[in-house]
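Hi,

Here is the structure I promised to pass on to you.

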Amino acid sequence: MKRLFAMLLVLSMLLGVATVASAEGATKLTMWTFIAQHQEFFEKAAERWNAANPDRPIEIEVTTLGYDDMHNKLKVALQADEGAPDICDVELGQFPNVLAYSDKLVDLTEAMSPYMADLVKARLEIYAKDGKYYGAPLHVGAMVSFYDKGLLEEAGVNYEDIKTWDDWYDAGVKLKEAVPDAWMGTVETSTQWVASLMLAQQGVDWQDDDLNATINTPELAKVIDTQKSWLEAGICETCPGGQPDTEEGKAYIANNKIASVIMPFWFMSRFTDEIGESCKDRYVVAPCPVFEEGQMHSIGQGGTGTVIYANGTNPDLAAEFLIFAKIAPEGVQQIWEVLGFDPCNTAIWDDDSIMKTDDNKFNQYFIGYPIDALIPIKDEIGYIRSTSVSPTINNYLGTTLWNEVYVDGVDTAEALEEAQDAIESDLF
Amino acid sequence: MQAVKRKKKGRRALFLLIIGVLVLVLGIAALVSLQGKALRYDAAYDEHGDLSAFFFDQLEEGQSYSALQNLWLTIARQRLWITLAGLAMIVIYVALNRELLYDTKIAPFVFIAPFVITFLLFFTYPLINTILMSFQKVTGAGNEWIGLENYKNLFGNKNFHTAVKNSLIYMVLTCAILIPIPMLLAYMTESKLTKMGGVFKSVAYVPVLCSVVVAGIIFRMMFSELDGAMMNEVRGLFGMEPIAWLKSASGSMFAMVLLCFWRWTGMNMLYYMAGLKAIPSELYEAADLDGCNSWQKFTKISLPLLKPTAIYVLTISIYAGLSMFTESYMIFGGNNSPKNYGLTIVGYLYRYGFEQVDRFGFASAVGLVLLVGAMIITVLQLWATGVIGKKED
C-alpha cells in the first residue's frame, strides 16, 4: 500500500544500507553481550549447533558492548519494541530492569523443562517473574571457601574440620599463634559477598517481599558482629582494595599469607588467570562454614542471564539454540572447560570424565578437584535477590556501612539505624 | 555624510531582513510539520477508508488516496516556496547592503554560525528537556510531573552535600595549585638562565598526553594500602607507617589533587608560556637598564601582564574542578568510594542517572544545580577579576 509517510522516508532509504540476505539460507541471529569471553563462547556454540543441526543452520552475529551501554540500549529497544537483538546477555543486577519488559521476552520455562531436574533452582529464581523463567543462567556462582591447605597445616588445622564460623574463628586464632604474619581471611568493605552469604544462611535477604530495605535487623547485626570479632581478634584485616576481586585484593592474596578466601566459584578463574603461579598447588576448594549445622552452605552470586526477544527474527529457534548452548549437558560442558564456571546443569557435576580431567587448567591449579566442594552441597545453594532497590542498598553498604563498622569502628546498632534511615531516604 | 546615507539605506532595508527571517522560520516549521500531517492523513485513511468524508472541505466526494497524496504534495510544494521566499528576502537584503559582506562586526557571526547552528540543534533541545525532566519523574513507562519533588529530595540528601563539599574542596585546591606553580615553572623554563628548557617543557607536557584512565589506574596502585605500594614506600623512607590512603578523607583528596596537578601542570605551563612570549622584550630590556633583578622583573612585568592568561586558566580550572568525574572514577576503580570520599557532583549525577533505575529526572535536577552553581561561581570570578562588569577607562 502506498503511504504518504513513506515519501518522507525515501531520502533516509537512499542513505541507508541495503540489507543482504544470508546466502546459504542460514537463519541470522543477532546477539548482544558485555563480556568478550561470552562472544567467543556463543560463536563456538553456533559452530557446534550447525554441526549437530545441518538442516537448520544459524549464523550468529555477536556484538560486545560496554556494560552500561548494552543494558541501556536493550532497555530502550525493549521499550520501543524495535531494534532489540534476538539473544541478549543481561547481568544479574540489571535483570529486574529488563524483567519490567517481560511481555517482550520469551518464556523459557517450557524449553528448559527437560533439564529442570538437574538445574540449580536458586539460579533460575533470580531470572524469574510470576513463576516463569526468562533468563538462561551461565553458572551457579556458588560461594565456596578457598583454603590455603599448607598454611593451615602449619598451624595444625585440617581445613576439613572447619564446619562453622566458630571453627573458622578458632582456626584463625591458632594460625595467628603459629604464623604471626598470616591472616585467616579478609573482611570486605566495598561489597558483600560474605555478608550476603551469612544473611542467606540465617534465612533473610536485604529486602522484604514488598521491596522495603531490611537493614536494621538482628540478623545483619550478627553478621557484622561476627566479622568485627575477626578484626578484634586480629585474625583478619580489612581487604586491600575493599574486596578480593580487585587488583589490590589479588596482589594481597598472591603474597601467600591468606589462609582462606571466601568467594564465588568463578573466583577460580581469577586464581588461574590473574593471581598466577604464586598460589598454584596451595589452595583447595571447600564448602563455606555456617553458623549452625543445617544452614545453607552456599548462595549463588554474580552472573548473567541470557534472554530471548519475543519479536525477533525467529524466537523459537533462538530459544532452542540458547538451551543447546547454555542448559543442555553438552553445552554446559563448554562452560566448565572454557570458562571454568560451575554450570547450572548439575547433571555433569558427577561426570568425572568431564569435571575431573587432569588436563583441565583448574584441576591442575588447585589441590584435588574443585567440583568436589560443590557436589555435597548441591541441594543447599540459596540465593539473594537482585531487585529494583538493590542498587541503592548496595551503594550504601559498599560506600558507607562497611567502612563505618569495620574501619571506623562505629557501634553496630548505631550504624545499622543510620543505614536504615539513609537508605530509606534515598529510595524516593 | 556618506556614512549617514548608508546607515539610512541599511535601516530602510532592515524590514526586509526581519520579514525574511520570519518567513524562513515559518517555512521551516511548516516543512517540519509535514511529517505530522502525513502521519495524520495515513491514520485517517486507515480509520475511514473513504477520505472524502473526513476531508470534505478539501476533497470532492469519491476521491481516493491518490488525491490525498496530491493534496499533500501541493501543500508541501507551497511550504517549500514559502521557505525559499524567506531565503530570497534575506539574500536580497544582503545584496542591497553589499557592504555587509565586508562588515567586521557581522563577519565573526558568520564564521561562528556553523557552530552556533549545530549547538542550537543538538544542545538546546537536550538542555530544555533537562530542565523539563528535572520537574518530572522519568520512568520507562512515561514521565510524570512532580513539581519540585526532585529538588526537595536533592537538597535534603546527605550524599549530595558530600558531593558538593568534595567538588568544592577539589576545585579550590586545584585552582590554588594549578595557577601559581605552572606560572612559576613557565617563567623558569622561559628564562635564559635555564639550560635545556625544552627538555623540561616536554617532560612537563607528557602527562597531558596520557589518558586519564591509564593515569588513574596507576595512581590507584601508587596509593594502594599494600605495604609495597609506592606512596607507602615513600612514607617508609621517612620512617612512617604505611597507611590506607584511599580509605581516609585527606588521603583520597590528596591522591585526586596530585593526579590533577601531575596531569595539568604541563598544559597550564603552555598557556603561560604563550602569555610570556606575548610580552614585548623591550620591557625587560628597559628594566635591565634600570637595574632590576629577576624577581623584580617577574613581579613588576611578567605577573601583571600575565593576568589575562591567569584569568583564563582560573576560569577553565574552576569548571574542570567542579565537573571532575573520571579521575575519581579511575582512582577508586568505580563510582563508589569508601564513605564517598571521592564522590563528586558529576559522580553523584552518574549514580542516579545511569546506575539506578528511573532516576533520570532526579539526575537532571543534579545537572541543573551543577550548571547554575558553576555559572554563578564563574560569573563572580570574572566580575571579581574585572573581566566583566567594570567599565574600562
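Predicted model: local features only at pLDDT ≥ 70, side-chain atom pairs only at ≥ 80, totals over all residues.

Let's begin with two helices: α2(A) and α14(A) are oblique to each other, as angles under 35 degrees count as roughly parallel, over 145 as roughly antiparallel, 65 to 115 as roughly perpendicular and the rest as oblique. Residues are numbered from 1 along each chain as its sequence is written, and chains are lettered from A and ligands numbered from 1 in the order in which they are written.

Back to the helices (DSSP runs of H or I, at least four residues; strands are runs of E, at least two; both are numbered from the N terminus). The axes of α2 (residues 36-52) and α14 (residues 329-339) of chain A come within 11 Å and cross at roughly 140°; axes are lines fitted to C-alpha atoms, for helices over the stretch in contact, and angles run from 0 to 180 degrees between N-to-C directions. On the α2(A) side the contact (C-beta atoms, placed from the backbone, within 7 Å) is made by Gln37(A), Phe41(A), Lys44(A) and Ala45(A), and on the α14(A) side by Gly331(A), Gln334(A), Val338(A) and Leu339(A).

β1 (residues 27-33) and β2 (residues 58-64) of chain A run parallel and are joined by seven bridges; two strands pair if DSSP finds at least two bridges between them. Across this pair, Thr30(A) stands opposite Glu61(A).

There is also an open sheet of three strands in chain A, in the order β10-β7-β11, with antiparallel pairing. β10 (260-264) and β11 (283-286) of chain A are at the edges with a single partner strand each, so one side of each has no neighbour in the sheet. On average, neighbouring strands here are turned by 25° against each other, direction ignored. Strand β7 (residues 143-148) of chain A pairs with β11(A) over four bridges, and Asp148(A) stands opposite Tyr283(A).

Finally, the two chains: their contact takes 30 residues from chain A and 28 residues from chain B. On the side of chain A that touches chain B, the elements giving two or more residues are α1 (4-15), α3 (67-80), α11 (247-254), α17 (390-407) and α18 (412-426).

Cheers
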